[in-house]
Amino acid sequence: MRAALQSEIGQDKLEVVEDMQAVGFGPGKVKIRIKATGLCHSDLSAMSGVLPQPAPFIPGHEGSGVITDVGDGVTSHKIGDRVLVCWLPPCGHCPSCKRGQGHLCLEAFGNVATPNFQRGDSSIFGFAGTGTFAEEMVVPAGCAVPIPDDVPFDIAALIGCGVTTGLGAAINTANVEAGSSVAVIGCGGVGISVIQGAKVQGAAQIIAVDPVASRREAALRFGATEAVSPEEFADAKNRITAGEGFDYVFEVVGKSATTKTAYDMTRRGGSVVVVGAGALDDNYSINMFSLFFDEKKILPSMYGGGDVLRSYERTIALWRAGRVDLAGLITHRVQLAEINDALDQMRTGVALRTCIEL
């Protein structure tokens with residue numbers, strides 16, 4: 001089968017190969033024929049080494065498809081089921097899951113260290129235990145979440161990561177208050193989803209901050225009340241909040257420098273929500289007096305917080321009701337053979353989400 005392979009960490013291009021095999025099928029597993037997958041910035045971060053990932057590996061973790069086989073003991077799925085890929089499935093029985101924080105479940109991370117592909121004599125890992133840049137994959141049954149028949153594969157793929165992360169950051173993690181002021185730093189697919197989540201919550205002002213003009217224009221279409229470049233952000237804060245700062249500032253870049261900006265732009269008593277996935281060696285520091293005196297809340301948001309399966313259901317309900325626009329997030333479509341074009345589209349910022357059709 002075809003797959004896009006990263007042989008070594010640090011390579012900036014993927015090799016599309018024809019002789020990959022999905023392996024590991026057995027009890028408790030399902031085999032999925034991937035139909036669509038989105039390119040998420042986390043894939044680029046894994047390729048560059050910002051996010052830890054053993055190599056060689058197949059990137060991709062935001063996918064959807066059809067189950068083609070089920071292993072012994074799997075009663076929740078059947079051949080022909082339409083599913084999205086959940087790269088961090090809650091186990092249901094650990095302390096985090098029992099508290100309703102399935103996004104913090106550590107059991108699924110065991111999948112990351114288990115190769116689920118093979119090429120010749122070489123074992124190949126799938127990114128985040130999945131690897132959706134392949135025509136077929138084998139994963140634990142919990143990674144395959146059934147989707148209704150009216151949800152297209154491309155929309156389902158986005159729900160598997162970026163949309164759930166962004167909407168959840170605004171709705172679950174921050175619980176944005178109606179009538180509040182919000183700023184979003186970084187307006188790719190996840191940042192745009194944060195904007196849509198803030199709009200659903202009833203925020204009065206939503207300021208999009210991004211260096212790419214096309215992304216600023218897109219943010220306005222998705223619900224931002226104003227869009228500015230990073231150089232214009234301080235002026236927007238003074239003009240909109242009379243210098244006090246925003247009630248909520250979302251950092252959707254994953255860097256300490258932009259987290260510092262987010263903190264500085266948040267009002268006393270407001271919330272800084274860190275959504276971007278950063279590097280292990282990129283440290284953020286703050287003086288203890290400011291932390292105490294300004295009482296700004298620093299809220300990390302992994303995978304949108306809360307129960308990811310419930311978040312999927314909520315996203316589908318909002319999409320059906322026309323409250324969020326998911327199709328509009330897909331600005332580019334490519335075939336697997338054109339995967340490196342998709343990488344360039346994300347690196348240059350021209351794409352919100354590129355859908356790879358398999």
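**Close-up views of a predicted model**

**View 1. Thr114 sits in the loop between helix 2 (95-98) and strand 8 (117-119).** Helices (H or I, at least four residues) and strands (E, at least two) are DSSP runs, numbered from the N terminus. This is a predicted model, in which local features need pLDDT of at least 70, side-chain atom pairs count only at pLDDT 80 or more, and totals for chains, interfaces and linings use all residues. Residues are numbered from 1 along each chain as its sequence is written, and side-chain values use heavy atoms, with hydrogens and water left out. Thr114 has a relative accessible area of 45%, so it is partly exposed (buried is under 20%, exposed over 50%, partly exposed in between; 1.4 Å probe, protein chains only). From the C-alpha atom of Thr114 to that of Val151, 37 residues apart along the chain, the separation is 31 Å.

**View 2. Here is Ser271, in strand 16 (residues 266-274).** Ser271 counts as buried because its relative accessibility is 5%. Leaving aside neighbours within four places in sequence, Ser271 is in contact (heavy atoms within 4.5 Å) with Asp247, Tyr248, Val249, Thr266, Lys297 and Leu299.

**View 3. Now meet the largest nonpolar core, with 96 residues.** Such a core is a set of buried Ala, Val, Leu, Ile, Met, Phe, Trp, Tyr and Cys residues joined through side-chain atoms within 4.5 Å. Ile32, Phe133, Val182, Ile195 and Phe250 have the most contacts inside it. Helix 5 (residues 189-201) gives this core its largest share, six residues. Another core, of 13 residues, lies apart from it and includes Val209, Ala262, Met265 and Val272.
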